[in-house]
Amino acid sequence: MTIRHLKTARSAEARAEDDAKVRAIVEEGLKDIETRGDAAVRDMSEKFDKYTPPSYRLTDSEIEALMAKVSDQDMADLKFAQEQVRNFAQAQRDSMLDIEVETMPGVILGHKNIPVQSVGCYVPAGKFPMVASAHMSVATASVAKVPRIIACTPPFQGEPNPAVIAAMHLGGAHEIYVLGGIQAIGAMALGTETIDPVHMLVGPGNAFVAEAKRQLFGRVGIDLFAGPTETMVIADDTVDGELCATDLLGQAEHGYNSPAVLLTNSEKLAKDTLSEIDRILKILPTAETARTSWEEFGEVILCDTYDEMLQVADDIASEHVQVMTDRDDWFLDKMTCYGALFLGARTNVANGDKVIGTNHTLPTKKAGRYTGGLWVGKYLKTHSYQKITTDAAAAEIGAYGSRLCMLEGFVGHAEQCNIRVRRYGGINVPYGEGAPYKTAAE
């Protein structure tokens, strides 16, 4: 059993130093927003985005004017993509049923799936205007029937990006703000004089956005803890180096710290891919970003067997896993830790990011070990309820409950049960004692 690294990534220690710097900046920014509200938001927007409009919230007329700048073809493409996302989200929602069962005569248990009552959707637009993120967060929240959906996006090159605003509006956002970074996340979660706080935050973003969500988790809900985009290509000699290199660099261009990993059992494919990466980086318009990500965070891992590839893949638990082998369905059946799978050479992560219909907000930093990505169910809270409808059931359950409460020493709890045993079962349980093992009802 041999697993070799033909290329390794930057050390974890160096990444931890970067994380510590971000953490301190975010903590200070959130504290300022909580203290000074709108004034802090305005100062931060001016400092980080050089953007200080009279109001950060867009009016209906401003939204209409921005949407008018989107070409007919771009608008048609947006609507097509949003339809795919909505269709899949609706199918997922339809699979989530409210239930009610009678577990024994007179005892009724159930649960209801209730939408979160307000959500703040963050749509990145700093380096690239992430139009698709509006579909993934806003439209999916709309399918879940969240009553209040607000959306924030930073200005793009000094102005609101028309396509992003169009996607937010078409997705069903009730309020749209041109705000980015810490100030957007803080304003939505903490509230200001002009922005009511939300119950939940969703959407991807840079390191500062991710850290702000992490620090605010608990005060509000979040979709997941997100880090830089990650991609893994699992491939054998059924594909070639050009295809693998293209899929790796296609995700490496997201940012300067986007991990990209080739996992293969073919040394020839590994070397061909490295050569193709060098070639493509000379012609790729976004090569400056992609090159830095690849040089600092790229990896090539060579295994002897498919079982070793499976082991390494589950250990890394990458956000996007592109599988191109002679046994793609075997990986689908066996893999347990990942964000999303993209199976076969015809499939690619970019389609998942933009249009195919599955959600692109996915777990990173090994979080795929314990959670999936954003989906319609994230916006729903499953609440249980219980109801006892007969005297006999009240007495029987009460007797069991009384004894079990006394077993733990909770006398006040036991009395909640005992009073029902007395009233509905006709059994005179001495105060502060457990119910007898046999009652009239039993």
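Asparagine 206 lies in the loop that connects strand β7 (200–202) with helix α8 (207–216), where helices (H or I, at least four residues) and strands (E, at least two) are DSSP runs numbered from the N terminus. The model is predicted: local features require pLDDT of at least 70 and side-chain atom pairs count only at pLDDT 80 or more, whereas totals for chains, interfaces and linings use all residues. Residues are numbered from 1 along each chain as its sequence is written, and side-chain values use heavy atoms, with hydrogens and water left out.

With a relative accessibility of 46%, asparagine 206 counts as partly exposed; this class falls between buried (under 20% relative accessible area) and exposed (over 50%), as computed with a 1.4 Å probe on protein chains only. The side chain of asparagine 206 reaches the backbone nitrogen of phenylalanine 208 at 3.0 Å.

An unreviewed UniProt entry lists asparagine 206, together with Tyr122 and Gln183, under "binding site". These residues span 85 residues in sequence, yet no two of their C-alpha atoms are more than 12.9 Å apart, so they gather at one spot. UniProt positions are given in the numbering used here, feature names are shortened, and annotations may be inferred rather than shown by experiment.

Glutamine 183 belongs to helix α7 (residues 181–190) and, at 1% relative accessibility, counts as buried. Residues up to four places away in sequence aside, glutamine 183 touches Ile33, Val41, Met44, Ser45, Phe48 and Asp49, contact meaning heavy atoms within 4.5 Å. Its side chain also makes a polar contact with the side chain of aspartate 49 (3.4 Å). A polar contact is a pair of N or O atoms within 3.5 Å; within protein, one must be able to donate a hydrogen and the other to accept it, and residues adjacent in sequence count only if both atoms are side-chain atoms.

Strand β7 is part of an open sheet of five strands, ordered β6-β5-β4-β7-β8 with parallel pairing; two strands pair if DSSP finds at least two bridges between them. At the edges stand β6 (175–177) and β8 (221–222), each of which pairs on one side only. Strand β4 (residues 118–122) is joined to β7 in the parallel sense over three bridges, and valine 119 stands opposite methionine 200 in β7.

Glutamate 319 occupies the loop between α12 (306–316) and β12 (320–324) and is buried, with a relative accessible area of 6%. The side chain of glutamate 319 reaches the backbone nitrogen of glutamate 230 at 2.9 Å. Beyond four places in sequence, the contacts of glutamate 319 include Thr229, Gly339, Ala340 and His360. Histidine 320 lies in strand β12 and is likewise buried, at 1% relative accessibility; among the residues that histidine 320 touches are Thr229, Met232, Phe342 and Asp353.

Threonine 229 is located in the loop between β8 and β9 (231–235) and counts as buried at 15% relative accessibility. Threonine 229 touches both Glu319 and His320, and its other contacts include Gln251, His254 and Ser258.
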